[in-house]
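Subject: Structure handover

Dear colleague,

Here is the structure I am handing over to you. My notes on it follow below.

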Amino acid sequence: MDVMPLLLLVAGSAAIAAAARRTWVPAPLLLVAAGLAVSYVPGVPEYTLDPHIVLPLVLPPLLHTAATDSSYLDLRAQVRPVALLSVGYVLFATFVVGWALYLIVPGLPLTAALVFGAVVAPPDAVAATAVARRVGLPSRVTTILQGESLLNDATAITAFRVAVAAAVGEGATWAGGVGEFLLAAVGGVAFGLVLMAPLHWLRTHVKEALLQNTLSLLIPFVAYAAAEQVHASGVIAVVVVALYLGHRAWEVDFATRLQEEAVWKMVAFVLESAVFALIGLQLPVVLGGLGEYAGTDAALYALAVFAVVVVARFVWVYPAIWLPPVLSARIREREGRPGWKKPFVIAWAGMRGVVSLAIAFSIPITAEGEDFPQRNLLLFLTFTTVIGTLVVQGLTLPPLIRVLRFPGRDAQAETLAEANAQAQASRAAERRLDELLADERNALPAPLADRLRTVLERRRNAVWERLGQVNPVTGETVDDTYRRLSRKMIGAEREVFVRLRDGRYIDDEMLRTLLRRLDLEEAAAYREANQDLPSGAGRFRGRGDR
């Protein structure tokens, strides 16, 4: 097996994603553009997007990391709009886009057109929130988009299976389709509920951080594969398990959390970079099979389908967001009237991605002993729809937000809430410390007891200092200056440790122990200020930094 193409894909996509951090273009868009540009460079290997790899091996970890970063409580609060989009909209788009394609393309059977409708129905789990987080949309809108993208793949894959069964003559019926959908949805939830508690128990009882992280990497694949074995939704199973584990992550040992976060950021970075690059790299594969449709007809079909996909989302989103407050006084009192800007942004953020392409490539080659109707054209239209939504909507969403003057997150209000939460926690910690020190079994010398109180006070004051005055010379807050000086002191310690190792006063094993201790102290200083780790340690900005 030649591994060089895979190495080139991973290395190249990672380099482009890293370069995107220094531009105004979101990383997914730059990766797709690079893939398109590179696809025709002489000597570049041909990359075919294999659905048997993407769906069971790439989708589960991406869903897992997105769900663990989500808030179960926020998603529960937005369950109505999330359900209307992740289930209602996907089914609506399947029928509307499928029917439109049936009318547009002469000779295309309705069943084959519905297969295509299911393929392009779900907005992407990564792309949908990439731009939303970067432009600073309010948390409620981001939660709705993220919740939709976590669950809509399950609806689309189930609708696709039903449509394919009808297209290949397996006698699919409406009752059978509804039954398969219920089996997928209920079965996926059931598998998630069954697996989540035992998996969390293992995470909290396995004491070795390395084993815990190995378990963490296996969890999404186990949940997906177990559910798919009985034709339940592996996507839903992964999301349910991940939401539960993310909600209970505070119960896991701190060393595991530190390692796990770094591991999953790396996994997400590599996979996200590679899949968006793969989208662009499919251009030669898709164009090579167009045959009779190459030329003006194919371009006109692509423009028409893109327009239908965009308009259909607006047609669904506005009633889905507007009608519940109009029909229910209770909802109206709790949420207020949504206005027109929020549904407009939600509708415009319906970008498609790698899942649509993976599903499209899994369309069977034959149906009833003959070639599947216009399969190559369906692949081409999927590709153009994905590219069109990513480029057109992805590039225009940030300026659109600015033009609409969409209210962003209130950074000062969030900092005040953080400071108040830290103050309450610090008071509880002080009371607990006094109780512990009153016990003679916990006797400490006064300097060490004072050090515990100093650390606690430092943590409590750090948030408030971010709201304080800045240094007129450097422009830094007191907290910024503290962290900068702390890093310089730690840097001086590192230099001494390395010099002692080079002089053979300590060995490399001791050096690694001492450096890890300093690394944890430096990481703690960043996290106290609610900042990301330095560049290179975090996930790529396309998904939004914490």
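**Overall figures**

The protein chain exposes about 26800 Å², and 63% of that is supplied by carbon and sulfur atoms; accessible areas come from the Shrake-Rupley method with a 1.4 Å probe, and for residues only the protein chains shown count as cover. The model is predicted, so local features need pLDDT of at least 70 and side-chain atom pairs count only at pLDDT 80 or more, while totals for chains, interfaces and linings use all residues. Residues are numbered from 1 along each chain as its sequence is written, and side-chain values use heavy atoms, with hydrogens and water left out.

There are 22 helices and two strands in the protein chain (DSSP runs numbered from the N terminus: helices are H or I with at least four residues, strands are E with at least two). Of the 546 residues, 46% are buried (under 20% relative accessible area; exposed is over 50%, partly exposed in between, with a 1.4 Å probe and protein chains only). Among contacts (heavy atoms within 4.5 Å) between residues at least 6 apart in sequence, 79% join residues at least 24 apart.

**Aromatic pairs**

Rings of Phe, Tyr and Trp (its six-membered ring) pair if their centres lie within 6.5 Å; planes under 30 degrees apart count as stacked, over 60 as edge-to-face and the rest as tilted. By this rule there are seven aromatic pairs. In one of them, phenylalanine 314 and tyrosine 318 are stacked, at 6.4 Å centre to centre with 20 degrees between the planes. Both lie in helix α14 (residues 296–327), four residues apart, or about one turn of the helix. Phenylalanine 314 also pairs edge-to-face with phenylalanine 344, at 5.1 Å and 65 degrees. That pair links distant parts of the chain, since phenylalanine 344 lies in helix α16 (residues 341–348), 30 residues from phenylalanine 314. Phenylalanine 314 is buried at 18% relative accessible area, whereas phenylalanine 344 is partly exposed at 24%. One aromatic cluster is formed by Phe314, Tyr318, Trp322, Trp340, Phe344 and Trp348.

**Salt bridges**

The structure holds eleven salt bridges (a side-chain nitrogen of Lys or Arg within 4 Å of a carboxyl oxygen of Asp or Glu). Glutamate 260 bridges to arginine 203, with the closest N and O atoms 2.4 Å apart. Glutamate 260 is in helix α12 (residues 254–281) and arginine 203 in helix α9 (residues 174–205), so the pair ties together parts 57 residues apart in sequence. Both glutamate 260 and arginine 203 are buried.

Lysine 265 and glutamate 261 form another salt bridge, at 3.6 Å between the closest N and O atoms. These two are four residues apart in helix α12, about one helical turn, and both are buried.

Aspartate 508 forms a salt bridge with arginine 501, the closest N and O atoms being 2.6 Å apart. Salt bridges with shared partners join Arg501, Asp502 and Asp508 into one network. Aspartate 508 is partly exposed, at 31% relative accessible area.

Threonine 158, in helix α8 (residues 139–167), is buried at 4% relative accessibility. Apart from neighbours within four places in sequence, threonine 158 contacts Glu180, Phe181 and Ala184. Serine 233 sits in the loop between α10 (209–229) and α11 (234–247) and is buried at 5%. With neighbours within four places left aside, the contacts of serine 233 are Ala154, Ala184, Gly188, Ala227 and Glu228.

Regards
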